[in-house]
Amino acid sequence: MYDAAERVDGRKLAATVGFFDGVHAGHRSLIAQLREAAAERGLASAVFTFPVHPRRVLQADYRPQLLDTFEEKLARIGETGVDYCAVLDFTPVLARLTAREFIERLAAEWGVSTLVVGYDHRFGRDRAEGFEAYVAHGRTVGMEVVRGVPYLLEDRTAVSSSRIRALLTECRVEEAARMLTVPYRLRGHVVGGQQIGRTMGFPTANLSVDEPLKVLPGDGVYAVRAWLRGTAYRGMLSIGNRPTIGNRPTAVEVHLLGFSGDVYGETIEVEFIRHLRNNRRFDSLDALREQLERDRETVAGLPIDGVGEAERC
């Protein structure tokens, strides 16, 4: 990563620009095309992105629903093999630039000689302009502007960050993972709870999600892979208002299979593997316990790689 305020060792760049929330399969395809274009032209490849959603700069009360934290996004961009990830501060001054002015700045200040744009990506103050206008603006400063080939899944489904957010809120975490290329994840620290699960033989860790702007999947019970103290565990995670015990505020609770001990204050990261069922009110705690037993058996039988191994977190 480098500060985009300065040129990269004076090198000319092939670059692409975007927010890249989730760094999903479509983003990865575009970056692969960028790397290919850079190699063909003997250039270094660079992804220009922003630390904060551009709309938050323009609208202070806007609360984007994010797929990645900034740090997660940078790590995932780093996995693509691109030479540089350049972080641009999206300021009101930058927001006022027209597409032509932005292209001129890319060329003059950051050494971009080839710009690869997403198939339907628009930038600049004048969003009415499109690819043909970008090509013309690039020609005036000696920049080649190349349109990326759109990415579709095998069933011809288009991949987008907004589609992934919708899938997550609909509890369709397996489909979201297919588009993200990895399971969706949340990270949080353990806070105190009512310990009702412990009385039923299912002690749970109540998670306070570290990044409140990240998408919270829809209410329900999920099979997850959870990391605690560097070890991965199978887990069953609930999101919802716990209707059987009186519709409490929405909570995120995870039960780790094969783990016992005090985890208050510690950090747990979870990856959503499968949606098991919707939340519902049970007639008694015994009925809830029986369902939790069935959930645990289901999770124990799922093919979840890496559990019981030191991996990360």
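Two residues are taken to be in contact when heavy atoms of theirs lie within 4.5 Å. By that criterion, and leaving out residues up to four places away in sequence, Thr 169 touches Val 215, Leu 216 and Gly 218. The structure is a predicted model, in which local features need pLDDT of at least 70 and side-chain atom pairs count only at pLDDT 80 or more, while totals for chains, interfaces and linings use all residues. Residues are numbered from 1 along each chain as its sequence is written, and side-chain values use heavy atoms, with hydrogens and water left out.

A word on confidence comes next. The predictor's confidence in each residue is given as pLDDT, on a scale from 0 to 100. The mean pLDDT of the protein is 88, and 90% of its residues reach 70 or more. Residues 1-6 have pLDDT below 50, and this stretch has 16 contacts in the model beyond near neighbours in sequence. Where pLDDT is low, the predicted coordinates should not be read in detail.

The overall picture can now be drawn. Helices (H or I, at least four residues) and strands (E, at least two) are DSSP runs, numbered from the N terminus; the protein has 10 helices and 12 strands. Residues are called buried under 20% relative accessible area, exposed over 50%, and partly exposed in between, with a 1.4 Å probe and protein chains only. Of the 313 residues, 50% count as buried. Among contacts with a separation of 6 or more, 74% are between residues 24 or more positions apart. Accessible areas come from the Shrake-Rupley method with a 1.4 Å probe, and for residues only the protein chains shown count as cover. The protein exposes about 15000 Å², with carbon and sulfur atoms supplying 47% of this area.

To return to Thr 169, this residue is found in helix H7. Thr 169 counts as partly exposed because its relative accessibility is 47%. Although 50 residues separate Thr 169 from Asp 219 in sequence, their C-alpha atoms are 8.1 Å apart in space. A polar atom of the Thr 169 side chain also lies 2.9 Å from the backbone oxygen of Ala 166.

A salt bridge here is a side-chain nitrogen of Lys or Arg within 4 Å of a carboxyl oxygen of Asp or Glu. Side chains of opposite charge can pair when their charged atoms come close. The structure holds 20 salt bridges. In one of them, Asp 21 pairs with Arg 165, with the closest N and O atoms 2.9 Å apart. Asp 21 is buried, because its relative accessibility is 4%, whereas Arg 165, at 22%, counts as partly exposed.

Glu 109 is partly exposed at 39% relative accessible area, and Arg 105 is partly exposed at 27%. Elsewhere, Arg 76 and Asp 68 meet in a salt bridge at 3.9 Å, N to O, and both are buried. These two residues belong to a network of salt bridges that also links Glu 72, Arg 185, Arg 187, Lys 214 and Glu 269.

Ser 45 lies in strand S3 (residues 44-49) and is buried, with a relative accessible area of 2%. Beyond its neighbours within four places in sequence, Ser 45 is in contact with Ala 14, Leu 34, Arg 35, Ala 38, Val 82, Asp 83 and Tyr 84. Asp 295, found in helix H10 (residues 285-300), counts as buried at 4% relative accessibility. With residues up to four places away left out, Asp 295 touches Val 221, Met 236, Leu 276 and Arg 277. A polar contact is a pair of N or O atoms within 3.5 Å; within protein, one must be able to donate a hydrogen and the other to accept it, and residues adjacent in sequence count only if both atoms are side-chain atoms. The side chains of Asp 295 and Arg 277 make such a contact, at 2.9 Å.
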